[in-house]
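This report concerns the architecture of a single protein model. Please examine the sequence and the structure shown here before reading on.

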Amino acid sequence: MTEVWGSPQQSKGEARHTPGTPCWTSLLVHDLEAIQDFYSGLFGWSYYSPGPRQLGPYVRATIDGRDVAGIGELLPDRRLSTTWTTYLASDDADASAEWIRCSGGTVGVGPLTAEDAGRLVLASDPAGAPFGVWQGQELVGPALVGVPGTPVWHELITYETAAVVKFYQALFGYETVSADPLDTDYLSLLVDGRPVAAIHGVGAALPRRRGPHWMTYFEVADTDAAARRAGELGGRVLLPPQEGRTGRVATVADPEGAVLTLLRTTR
């Protein structure tokens, strides 16, 4: 990482994010109430339900009354693994879905309308990494960024960047730059000249059980304390706190196994 992503605090009715910008982060779980308790204890989140959902129960997580992420409950017959999903902004979710289908990706859900909030697609890139596409309407993105408990960076972990970078560039028009001369397979994705996400090729180091995936980084006030707290709340520490490119990081899993990275940004 070279820079955390974000934008000024947003409210309903503001303009959508530029296409390709990470604009929402959402998690599907099997036990919604238990997972709400975990993230409340870890990040201080509160929750509210924005209304009926055709895909099942869904809540928005808030800090000081401002939306920061979403959590939904899987239907009882869907025994899928849980994972945080990065949504990339689009001005036309239907066109994005068609392009994904024609370019080696897979569309698993949608395009469909999420009531007044927007229009979504759930897809996978050619290497199999799941991601979302979001055409925002009432919900254009988080209403609070850059403070503890909010997503601050999104990174695609894959086998090699060359296998997928052209897919994302053609879909969203990203410019790319090698973020670290010492890391020959790490690319920052730029929108309007600003880093918004990255692709990290790790080769055989990619965990087989996870496969290619998008990783969400959440800002915390103290990485070491947050990692300990995750363990106390029933989660697991997968990679202990250490110094990273832009701050102190730790990778943890919540009680259902969804993986996330905690980051105390160096300022």
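The model is predicted: local features require pLDDT of at least 70 and side-chain atom pairs count only at pLDDT 80 or more, whereas totals for chains, interfaces and linings use all residues. Residues are numbered from 1 along each chain as its sequence is written, and side-chain values use heavy atoms, with hydrogens and water left out.

**Overall composition**

The protein contains four helices and 16 strands; these are DSSP runs numbered from the N terminus, with helices being H or I over at least four residues and strands being E over at least two. Of its 267 residues, 52% count as buried, where buried means under 20% relative accessible area, exposed means over 50%, and partly exposed lies in between (1.4 Å probe, protein chains only). Among contacts (heavy atoms within 4.5 Å) with a separation of 6 or more, 63% involve residues 24 or more positions apart.

An open sheet of eight strands has the order 2-3-4-1-5-8-7-6, with mixed pairing. Strand 2 (46-48) and strand 6 stand at the edges, each with a single partner strand, so one side of each has no neighbour in the sheet. On average, neighbouring strands of this sheet are turned by 30 degrees against each other, direction ignored. Two strands are taken to pair if DSSP finds at least two bridges between them. Three of these pairings are set out below.

| Strand pair | Sense | Bridges |
|---|---|---|
| Strand 1 and strand 4 (residues 66-73) | parallel | four |
| Strand 6 (residues 106-114) and strand 7 (residues 118-124) | antiparallel | six |
| Strand 7 and strand 8 (residues 130-136) | antiparallel | seven |

Ser26 has Gly70 in strand 4 as its bridge partner. The bridge partner of Ala114 is Gly118 in strand 7, while Arg119 stands opposite Gln135 in strand 8. Three residues lie between the strands in the hairpin of strand 6 and strand 7, where Glu115 takes a positive phi near 55 degrees. The hairpin of strand 7 and strand 8 has five residues between the strands, and there Gly128 has a positive phi near 100 degrees.

**Helices**

Helix 1 lies across strand 1, strand 2, strand 3 (58-63), strand 4 and strand 5 (84-89), and runs at about 150 degrees to strand 4. Helix 3 (residues 165-172) also packs on the sheet, touching strand 5 and strand 8, and its direction makes about 5 degrees with that of strand 8. For these angles, axes are lines fitted to C-alpha atoms, for helices over the stretch in contact, and values run from 0 to 180 degrees between N-to-C directions.

In helix 4 (residues 223-232), the buried residues are Thr223, Ala226, Ala227 and Ala230. Viewed down the helix axis, they fall within an arc of 100 degrees, so they line one face of helix 4; the arc is that of the directions from the axis to the C-beta atoms. Arg228 and Glu232 are exposed on the other side. The buried residues of helix 4 pack against helix 1 (32-43), strand 14 (236-243), strand 15 (247-253) and strand 16 (259-265). Gly234, which follows helix 4, has a positive phi near 105 degrees.

**Buried strand residues**

Cys23 is found in strand 1 (residues 22-29) and counts as buried at 1% relative accessibility. Its C-alpha atom is separated by 5.9 Å from that of Tyr87, 64 residues apart along the chain. Thr158, in strand 9 (residues 151-158), is buried with a relative accessible area of 1%.
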